[in-house]
Amino acid sequence: MTKTPMSEGSRPLPLSGVRVLDVSQVMAGPYCCMLLADLGADVIKIEPPATGDQTRGAMGFKMKGSDSMGFLNMNRNKRSLTLNLKTEAGKKVFFELVKTADILVENYRPGVMKKLGIDYPSLQKLNPGLVYASISGFGQTGPWADRPGFDLMAQAMSGVMSVTGYPDGPPVKAGVPVADIGCALFAVYGILSAYIGKTKTGEGQFIDASLFDSALAFSIWDTAQYWGTGVEPYKLGTANHMSAPYQAMKASDGYFVMGATNQKLWKLLCEKIGRPELFEDARFKTNPLRLANRLELASELEKTFITKTSEEWVTALLAAGIPAGPINTYPEAFDSEHGRHRKMRIEIDHPIEGKVPNIGFAVKMMGTPQQVHRHPPLLGEHTDELLAELGFVDDKLKALKTGGAFSP
């Protein structure tokens with residue numbers, strides 16, 4: 001059987017003993033399952049034979065082995081089982097796994113799992129306590145449900161792209177996959193809530209998570225403005241609909257970000273940059289006026305900010321108690337003193353790649369800190385191990401192979 005993941009303090013990780021079937025590919029599903037694995041769950045990644053998760057062969061560069069860095073960054077702490085779910089033999093193994101599972105996560109297009117005979121109603125009969133999460137682009141029901149779901153489409157169709165970029169510029173997506181990652185996080189929230197409920201009632205439930213819904217859920221400030229004023233949200237670059245100044249500002253050597261988000265900070269800013277007249281300027285007396293005259297405000301402030309470097313301004317503003325910060329690249333963020341302290345880059349020993357960098361744990365648990373107890377699995381690395389756990393040996397195993405359970 002699989003080992004029980006332990007924290008550094010010798011306490012079992014919170015989800016030790018919980019079994020998760022990861023029947024997903026690419027990002028939202030695998031990332032969701034990795035977060036559960038980081039908390040100690042026994043995550044079994046069920047992959048198509050020969051090809052595996054599509055992300056194994058993604059990205060425009062090669063590593064030493066056949067797995068991409070993207071795959072390696074979303075699949076640590078899992079075991080890999082190759083299984084052809086289109087065959088009766090493959091489904092026989094799958095059904096036995098389902099009987100032992102607490103959670104299942106899949107992200108196929110709505111209808112595919114039903115066609116295969118492994119949808120929630122079918123599996124609930126085998127395991128009434130199963131928490132079954134379906135991740136898709138637009139949800140399991142609705143006019144758009146059958147559309148393929150990708151982060152780009154979710155950002156575009158949810159409205160995220162309508163407020164991203166500069167007013168006169170072309171459409172711009174968020175630089176990070178907010179719909180994919182957001183959906184993974186919301187799915188974890190739903191899964192853990194359902195699992196806690198299951199411990200009280202013994203009954204699992206179906207969870208419908210979508211990229212579209214998740215992207216829309218991030219629109220709190222934009223929809224607050226729209227519902228409160230009737231003004232449709234629009235693109236502001238780095239600025240903000242709720243307060244000003246709160247954006248990137250140009251210094252002598254580039255840009256930095258700062259925010260004077262209330263009247264006290266606005267007065268303090270005017271004093272500290274030697275521009276007390278701005279506080280008395282009729283255009284900038286209140287936050288609503290500063291918002292209405294945002295461009296003129298930024299222009300006035302940059303007349304002063306352009307006289308020093310971004311580092312000088314960040315240092316001066318922070319010393320005065322005014323929020324400010326540099327605009328880092330990812331290497332600068334990971335390699336910063338703070339990034340290193342927070343251990344946001346970790347390294348994992350991998351049988352082919354050697355030391356593999358991974359993004360660290362975004363939430364720090366002080367009692368049971370997450371651990372890396374398995375490298376991102378090679379395709380089918382744990383197939384024999386898992387089959388033995390389920391009792392498929394000798395003639396039973398031979399019958400599965402003959403039935404195409406592990407063949408493409």
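Student: Arg275 and Glu300: buried or exposed?

Tutor: First, a caveat: this is a predicted model, where local features need pLDDT of at least 70, side-chain atom pairs count only at pLDDT 80 or more, and totals for chains, interfaces and linings use all residues. Residues are numbered from 1 along each chain as its sequence is written, and side-chain values use heavy atoms, with hydrogens and water left out. Buried means under 20% relative accessible area, exposed over 50%, and partly exposed in between (1.4 Å probe, protein chains only). By that cut-off, Arg275 and Glu300 are both buried.

Student: How many salt bridges does a search of the whole structure find?

Tutor: Side chains of opposite charge can pair when their charged atoms come close. Searching the whole structure on that basis gives a total of 22.

Student: Why does the pair of Asp22 and Lys45 tie together separate parts of the sequence?

Tutor: Their side chains meet in a salt bridge at 3.6 Å, N to O. Asp22 is buried at 0% relative accessible area, and Lys45 is buried at 0% too. Asp22 belongs to strand 1 (residues 19-23) and Lys45 to strand 2 (residues 42-47), so the parts they tie together are 23 residues apart in sequence.

Student: How many residues apart are Arg79 and Glu385?

Tutor: Arg79 bridges to Glu385 with the closest N and O atoms 2.5 Å apart. Arg79 is buried at 0% relative accessibility, whereas Glu385 is partly exposed at 35%. With Arg79 in strand 3 (residues 78-82) and Glu385 in helix 17 (residues 383-390), the pair links distant parts of the chain, 306 residues apart.

Student: On to the rings: what kind of pair do Phe94 and Phe95 make?

Tutor: The structure holds eleven aromatic pairs. Rings of Phe, Tyr and Trp (its six-membered ring) pair if their centres lie within 6.5 Å, with planes under 30 degrees apart stacked, over 60 edge-to-face and the rest tilted. Phe94 is buried at 0% and Phe95 partly exposed at 25%. Their centres are 6.4 Å apart and their planes at 55 degrees, so the pair is tilted.

Student: Which residues do ring pairs link into a cluster with Tyr120?

Tutor: Tyr120 and Phe206 make a tilted pair, 5.8 Å centre to centre with 40 degrees between the planes. Tyr120 is buried at 11%, while Phe206 is partly exposed at 33%. Ring pairs link Tyr120 into a cluster with Tyr132 and Phe206.

Student: Which ring does the charged end of Lys308 sit over?

Tutor: The test is NZ of Lys or CZ of Arg within 6 Å of the ring centre and within 35 degrees of the ring normal. Lys285 has its charged end over Phe279, 5.7 Å from the ring centre. For Lys308, the distance to the centre is 5.0 Å and the ring is that of Trp313.

Technical notes. A salt bridge is a side-chain nitrogen of Lys or Arg within 4 Å of a carboxyl oxygen of Asp or Glu. Helices (H or I, at least four residues) and strands (E, at least two) are DSSP runs, numbered from the N terminus.
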